[in-house]
Amino acid sequence: MPLPRVFPTVVHMLGEAAARAPRREALAMGGERLTYEEYARCAAGLAAELKALGAAGQRVAFVLGNSPDICIAYFGAHAAGAQAVPLNPLYTARELEQMLGDAAPVAVFYEAAVAAAVEPVAAKLGIPHRWLVGGGGRRLTAWRNEAGLEGELPLPDPDSLATLQFTGGTTGRAKGVNLTHRAYAMNISQREALMPSRPDVERILCVMPLFHVYASHVCLHTAAYARGTLAILPRYHPEETVSALARERITIFAGAPTIYTSLLGYEGFARADLASLHYSVSGSAALPATVLAHWEARAGTPIVEGYGQSEAGPVLTYNPLHGVRKPGSVGVPVPDTEVQIVDLESGARVLGPGEKGEIRARGPQVMQGYRNLPKETAETLRGGWLYTGDIGEFDADGYLYIRDRKKEMVIVSGYNVFPREIEIVLYQHPAVREAGVIGAPDSYRGEIVKAYVSLKPGAAATADDLLAHCKANLAKYKIPSALEIVADLPKTAVGKIDKKQLKA
């Protein structure tokens, strides 16, 4: 499959959008609107200041929530020749100290809401430049009216490092993924080949956190690639999301499975105006087929599900927007990318269709490695392949299905049990809203399976009802030894069910 246009870097995308559509609306958040001309001015102005601070070839961190400021921070850092380090504003001081210590940035941008956590850590680590954004500090939109500045946007070296994306913070030490500009820009075009945006048309609603690789790829950079509008909500809220879909005439909506589940359960969604919606995107976790079917029936437009991870820049596969989409599958490999299923023991024997094993991949979008972690890099990048740690299988048509995380696999009396399979069965029960399955130590069987379930509003089911449903659909060793019905399941910052909290 041929690739659509590949830009050298994402900064080239913004520069071209400002040149070709200077007065088109680029960013929208509430009453604040920036055109592409103003967007490029702000990125250029920030880049100039960062260069003056000696940021070129160094790292620039930002601890910012969703706003035009974080969009400008990405492009400004990249244009300055610095490596952007986006961090979760929900991190504690302990977590921030580990990541900022690892990144060793020359500057950190942060908002007032996180100042109490960031400022002592930045001082302790000796980060030379600290920039409070808004709330008594300086907005990164400060250059929007400086005419002519848009033509001074610096263009970085495509082979230099673009982003240090931290991943794996929920289990042990967070790892910083090194991605180059070329890998970043290539991956946008690879995804565009299967899920094309429409130039000068798209209006994308971002409710996912922009510090995360999913939102930065699908929302921030897709908007710049298409010369479209990025409408931003500070955080997900069902009423505000439904309102924004209509008010902003949204054509592309990007969410996580928990967001689609939440919207389908929100009474106001039945009256939502979705007339402008062209398609929706699901990512960050596997989407239950029942949720996909209910959404598409209500919206009248498809959800396109894909698969990737930070180490893969991030996209490896997608269901084609204009082609066969298979519910429950994450699609086919994007162009110029090889994806294989290999045995769990050696990681070298390639398995055939219908056989479960570890997913490995190689392509131009894959990371260079983890920062300051040579051992972990060597374990993950082997023989030119990225070993994802995910369990999957291909069907006969070459469509990939994610079955679980390798590290979440539960071994019950010597049998491999994949929690994802049990979750899929639980989601098929009409009363189940969300399900999370984990393994727990057991002195006799090694491990046992535990399930946590929340019910749909107004639904009635007991733990025994759900266990009977499992017994009718699963082998005996896969049936949960314990099942607990709870009001809500804990979530991570990007909307995934938090297995760490469930285990705690």
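Which residues is Phe109 in contact with, leaving aside its neighbours within four places in sequence? The views below are of a predicted model, in which local features need pLDDT of at least 70, side-chain atom pairs count only at pLDDT 80 or more, and totals for chains, interfaces and linings use all residues. Residues are numbered from 1 along each chain as its sequence is written, and side-chain values use heavy atoms, with hydrogens and water left out.

**View A. Surroundings of Phe109.** Phe109 is in contact (heavy atoms within 4.5 Å) with Leu46, Leu50, Val60, Ala61, Phe62, Val63, Leu64, Trp131, Val133 and Leu140. Neighbours within four places in sequence are left aside.

**View B. The largest nonpolar core.** This core has 119 residues. A nonpolar core joins buried Ala, Val, Leu, Ile, Met, Phe, Trp, Tyr and Cys residues through side-chain atoms within 4.5 Å. Buried means under 20% relative accessible area, exposed over 50%, partly exposed in between (1.4 Å probe, protein chains only). Tyr39, Phe109, Leu230 and Phe253 have the most contacts inside the core.

**View C. Helix 13, residues 463-473.** Helices (H or I, at least four residues) and strands (E, at least two) are DSSP runs, numbered from the N terminus. Leu466, Leu467, His469 and Cys470 are buried. Seen down the axis of helix 13, its buried residues fall within an arc of 155 degrees (directions from the axis to the C-beta atoms), so they line one face. The face turned away carries exposed Asp464, Lys471 and Ala472. Cover for the buried residues includes helix 12 (419-427) and strand 24 (432-442).

**View D. Thr301 in its loop.** Thr301 sits between helix 10 (289-299) and strand 13 (303-308). Its relative accessible area is 13%. The C-alpha atoms of Thr301 and His278 are separated by 6.3 Å.
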